[in-house]
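Let's take a walk through this structure together, one region at a time. Have the viewer ready and follow along as we go.

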Amino acid sequence: MNILISSAGRRVSLVRAFQKELKKIYPNAKVYASDADPTLSGACQIADGYFKVPFVTHPDYFDVLIEECKNRNIGLLIPTIDTELLPLAQNRLLLEKNGITPVVASTDFVGKCRDKRQIHNFFEEHNVAVAKEFTKDDYTLPLFIKPIDGSRSVDTYLIKEQKDLTDYHFENDKLMFLEYLDHDVYEEFTCDLYYGKDNKLKCVVPRMRIEVRDGEVYKALTVKNLLVDYIKENLASVSGAVGCLTAQFFVHSTEDKVRAIEINPRFGGGYPLSYLSGANYPKWIIEEFTQGKQIEENFDCWEKDLLMIRYDDEILVHGYKG
């Protein structure tokens, strides 16, 4: 049972985590990586092997993916970027027919996560508070603007003064006008959630975002705060949720006030901190999807107050011809 980390890019730590846990259970198994440009991907270079695929929007994507997976006896696929989640969920039966199980949420749940308005409705249905959305003719400054289908902080704006608003903000129907949650009042957390194949919550690790570069956390701290019980109470069972999900929350610094922002149903770029703290989601995925084990709730398996400080490293590829 080999594993594929798709769209691996810079996910070196995630690949290494799966390599470590897979080889404990299946010593001869391998973790492969795929990417649109694998020779320039750090994660592909440190994987046990890699292959090139077209972009997920290309009509040949699934033909190439399936053929390459069959050639390498890959039975488990771990997605890592937002744009591949819905196509993988929609083509789940095709992949399973060819012996490949994608660890991805249901089409319905992925669709909700990819639409910020739908995920706001989802939160409210589960008694989870969200930032208020304004209409474009009735709003209060300051406000935060973001697209309903965005990722990696692309096309987001903090508007403090009326003069900062442009025709683009008003005319683009994808842009949402939202209540601004001031970082002087609220602390921002990304929570790594694990849902079993039974769609039930097994673990929550809140990570305080201290510093972010290019949409990915570079300094973060594990914190055991009110979010653990809050999420356990309100999101204990989520139809269609499976594997690792990353959810963003703002917590008021002096009041028991929580605002949910979004869910990305995949491993986030900062998950390695949760893994190193003891929340072993790669092991649980391998046990669930290759051994049929049922994962028990384990909300105390991780170390609190663990600080992660990232730095740039080098991977050398000898004989590169371009």
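What volume does the largest cavity have? In this predicted model, the largest cavity has a volume of about 60 Å³. Rolling a probe the size of a water molecule over the atoms shows where empty space is left. The count of cavities of 30 Å³ or more comes to one. To find the largest cavity on screen, select its lining: Ile 78, Pro 79, Val 103, Val 242, Gly 243, Cys 244, Pro 265, Arg 266, Phe 267 and Ile 285. Eight of these lining residues are nonpolar, one is polar and one is charged.

Ile 5 stands opposite Ile 78 in S4. Strand S1 (residues 2-5) and strand S4 (residues 74-78) are paired in the parallel sense, over four bridges. Both belong to an open sheet of five strands, ordered S3-S2-S1-S4-S5 with parallel pairing. At its edges are strand S3 (49-52) and strand S5 (101-102), each pairing on one side only. Helix H1 packs on this sheet, where H1 touches S1, strand S2 (31-35) and S4. The direction of H1 makes about 170° with that of S1. Helix H3 (residues 61-71) also packs on the sheet, with contacts to S1, S3 and S4, and the direction of H3 makes about 155° with that of S3.

From H1 we can move on to an open space. The second largest pocket has a volume of about 790 Å³. Its lining holds 25 residues, and those closest to the centre are Arg 10, Val 12, Ser 13, Arg 310 and Tyr 311. Helix H1 (12-25), strand S12 (216-222), helix H10 (271-277) and strand S15 (307-309) are the elements that give two or more residues to this lining. Which of them gives the most? That is H1, with six residues.

Now for a second sheet. Strands of a sheet pair through backbone hydrogen bonds, either parallel or antiparallel. Here four strands form an open sheet with antiparallel pairing, in the order S6-S9-S7-S8. Strand S6 (133-134) and strand S8 (157-159) are the edge strands, and each pairs on one side only. Strand S7 (residues 143-147) runs antiparallel to S8, joined by three bridges, and Phe 144 stands opposite Leu 158 in S8. H7 packs on this sheet and touches S6, S7 and strand S9 (175-179), its direction making about 40° with that of S9.

H7 has a helix partner too. Helix H6 (residues 107-114) and helix H7 (residues 116-125) pack with their axes 5 Å apart, at an angle of about 110°. The two helices are therefore roughly perpendicular to each other. On the H6 side, the contact involves Phe 109, Gly 111, Lys 112, Cys 113 and Arg 114, which meet Lys 116, Gln 118, Ile 119 and Phe 122 in H7. Four of the residues in this contact are nonpolar, two are polar and three are charged.

Most residues other than glycine have a negative phi, and most peptide bonds are trans. Asn 127, in the loop between H7 and S6, has a positive phi of about 60° although it is not a glycine. In the loop between S6 and S7 you will find Pro 142, and the peptide bond from Leu 141 to Pro 142 is cis, with omega near -5°.

Terms used:
Residues numbered from 1 in each chain as written. Predicted model: local features only at pLDDT ≥ 70, side-chain atom pairs only at ≥ 80, totals over all residues. Heavy atoms only, no water. Axes fitted to C-alpha atoms, helices over the stretch in contact; angles between N-to-C directions. Parallel < 35°, antiparallel > 145°, perpendicular 65-115°, else oblique. Contact = heavy atoms within 4.5 Å. Nonpolar A, V, L, I, M, F, W, Y, C, P; charged D, E, K, R; others polar. 1 Å grid on protein atoms, 1.4 Å probe; cavity = no way out; pocket = protein on both sides within 12 Å on 5 of 7 lines; lining within 4 Å. Points joined across faces, edges and corners; volume = space filled by probe spheres on them. Pairing = 2+ DSSP bridges.
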